[in-house]
Amino acid sequence: MTIAAPEPDRLHVLAAYAVMGTPPEKGFDDLARIAVLLCGVPTALVTLVDDQRQFFKAQAGFDGGCEAPLDVGFCPLVVRAEAPLIIRDTREEGHANNAAVAEGGVRFYAGMPLRTAAGAVLGTLCVLDRQPRPEGLTPGQTEGLERLAEQVVDQLELRRALIERERLIAEQRGAAQERRAYSQTQDEIAASGRDLDAILDALIAGAMRAVPAAEGGVLELLDSEELEYRTVGGTLTPHQGVRVPLDGSTSGACARANEPILLADALLDPRVKADLRAFIDLRSAVHAPVNSGGKVLGVLKLQSSKPDAFTEHDLELVRSFAGLATVGLTEASEIATQRAVRASEARYRAVFDSAIDYATCCDVTA
C-alpha cells in the first residue's frame, strides 16, 4: 500500500517531529486511554505513518507490538484520504483479507486523521473492536474522537517545542564552551613567554576542549615530504615524534592542497593507508592547514576512533585554532631569528674585542 502525493512534503513534516520509533510517553498514552473510554471499545492507538511503516506511539488494550507494515490495518487509508474513516464491519465491507482482520480479528475500525495546522496528516487516532458495530459511533463519540485527535497533535507540537528548546539550550552551552576554550587558549599563549612548546601544548588542549568529539589531537609540522607529530594530546600522546609521508594520509592531502578536510570515515577514504589508520586508531578527523604568508607550515588535526564524529562546524573551529597556531609558530620563529641575530652579534663583538686586545698588546710590545 502506498501513500498518495504530496507524500514527500508530508514525510518532511513528520520527520521534523522526530517521533518515529520513540519510547511511550504518558501524555499520548492517556489520550489513547480516554479514546477507549469515550467510544466503549477495547483498543485505541495513536499511529504515525511514514513511507516504510506504521508506528504506534501510544496504545491502550493492544499487545501487537509497536509497529506494523503499511499493508496491515486501515490507518494508511486515513492518511491517504486525509479524512476520517469508519468501518462498521470489516468483513462485510470488503476487508476480510486484510491481515488486521484475517489474523488480528479486527471487525470495527474508526480513525481520525492527525492533521497539523499546516494541513499535513501525520497519522491517526483510531479505535478498534473485535466485534462489528453496525451503529458505528454516536455523534458525540465522533466529535469527541476528533477533539482527542486534535489533542494528540497539540501534544506532538508541545513535544517538538520542548525538544527544540533543549536543542537551543545545548547549542548555547556549546557555543559558550567554544568561546571559553578559545579565549583560554589565547590567554595561555599570551602567558607562555613565547615558548614554542607551551604555545603548542595550549593550542592542542584548547582545540580538544572546544571540540568534545575529539579523542586525540596533533600539530603535524611539515618537513620536506613528511609530517612530524610535533605536539600531541589525548589518544595520540604515545605517537609524539611519529613521521608520516604526505602521500597516504588526509593530513598530507590537507598540507598539499592548503585546504581544510573533514574526514567522515577513514575506512572509506582512499587517501588513508590502512596501516596508518590502524596504527593511530583513526576513523574520522578534521584537518586544518597551518600556514603563514601562503606557505604551509603544518596541519592541525583532531581525530576520533568513531566514524562521522565531526561536523562542518567542528571543522570551522579547528580552522580558527589553526590560526592561533600560525600566530604562535610565527612568534616563535621571530624569537629564534632574533636570538640567532643576537648570538651572531655577540660572536662578532667577541671577535672584534679580541682583535682590539691583540692590537693593543702588539703596540705595547713594540
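Tutor: What follows goes through the sheet strand by strand, then the helix across it, then the cavity. The model is predicted.

The sheet is open and has six strands, in the order S9-S8-S7-S12-S11-S10, with antiparallel pairing. S9 and strand S10 (261–263) are at the edges; each has a single partner strand, so one side of each has no neighbour in the sheet. From one strand to the next, the twist averages 25 degrees.

Take the pairing of S7 with S8 next. Strand S7 covers residues 216–223 and strand S8 covers residues 226–234; eight bridges link them in the antiparallel sense. Two of the residue pairs can be named: Leu222 is opposite Leu227 in S8, and Leu221 has Glu228 in S8 as its bridge partner. The two strands make a hairpin, with two residues between them. In that turn, Ser224 has a positive phi of about 60 degrees.

S8 also pairs with strand S9 (residues 243–245), through three bridges and again in an antiparallel run. One of the pairs here is Glu226 with Pro245, the latter in S9. As a general point, side chains in a regular strand alternate between the two faces of the sheet.

Helix H6 (residues 196–210) lies across S7, S8 and strand S12 (295–304). The angle between H6 and S8 is about 65 degrees.

Searching the whole structure gives one cavity of 30 Å³ or more. The largest cavity holds about 60 Å³ of space. Its lining consists of Glu220, Tyr229, Val244, Ser249, Thr250, Ser251, Val272, Leu276, Ile280, Leu282, His287 and Lys301. Two elements give two or more residues to this lining: helix H7 (250–257) and helix H8 (274–280). Sorted by class, six lining residues are nonpolar, four are polar and two are charged.

The lining also leads back to the strands already described. Glu220 lines the cavity and falls within the range of S7, residues 216–223. Tyr229 is another lining residue, within the 226–234 range of S8. Val244, also in the lining, falls within S9, residues 243–245. Lys301 is in the lining too, and its number falls within the 295–304 range of S12.

Terms used:
Residues are numbered from 1 along each chain as its sequence is written. This is a predicted model: local features need pLDDT of at least 70, side-chain atom pairs count only at pLDDT 80 or more; totals for chains, interfaces and linings use all residues. Side-chain values use heavy atoms; hydrogens and water are left out. On a 1 Å grid over the protein atoms alone, a cavity is a set of points where a 1.4 Å probe fits but cannot get out, and a pocket is an open set with protein on both sides within 12 Å along at least five of seven lines; lining residues have an atom within 4 Å of a point. Grid points are joined across faces, edges and corners, and a volume is the space filled by probe spheres set on the points. Helices (H or I, at least four residues) and strands (E, at least two) are DSSP runs, numbered from the N terminus. Ala, Val, Leu, Ile, Met, Phe, Trp, Tyr, Cys and Pro count as nonpolar, Asp, Glu, Lys and Arg as charged, and the others, Gly among them, as polar. Two strands pair if DSSP finds at least two bridges between them. Axes are lines fitted to C-alpha atoms, for helices over the stretch in contact, and angles run from 0 to 180 degrees between N-to-C directions. Contact means heavy atoms within 4.5 Å.
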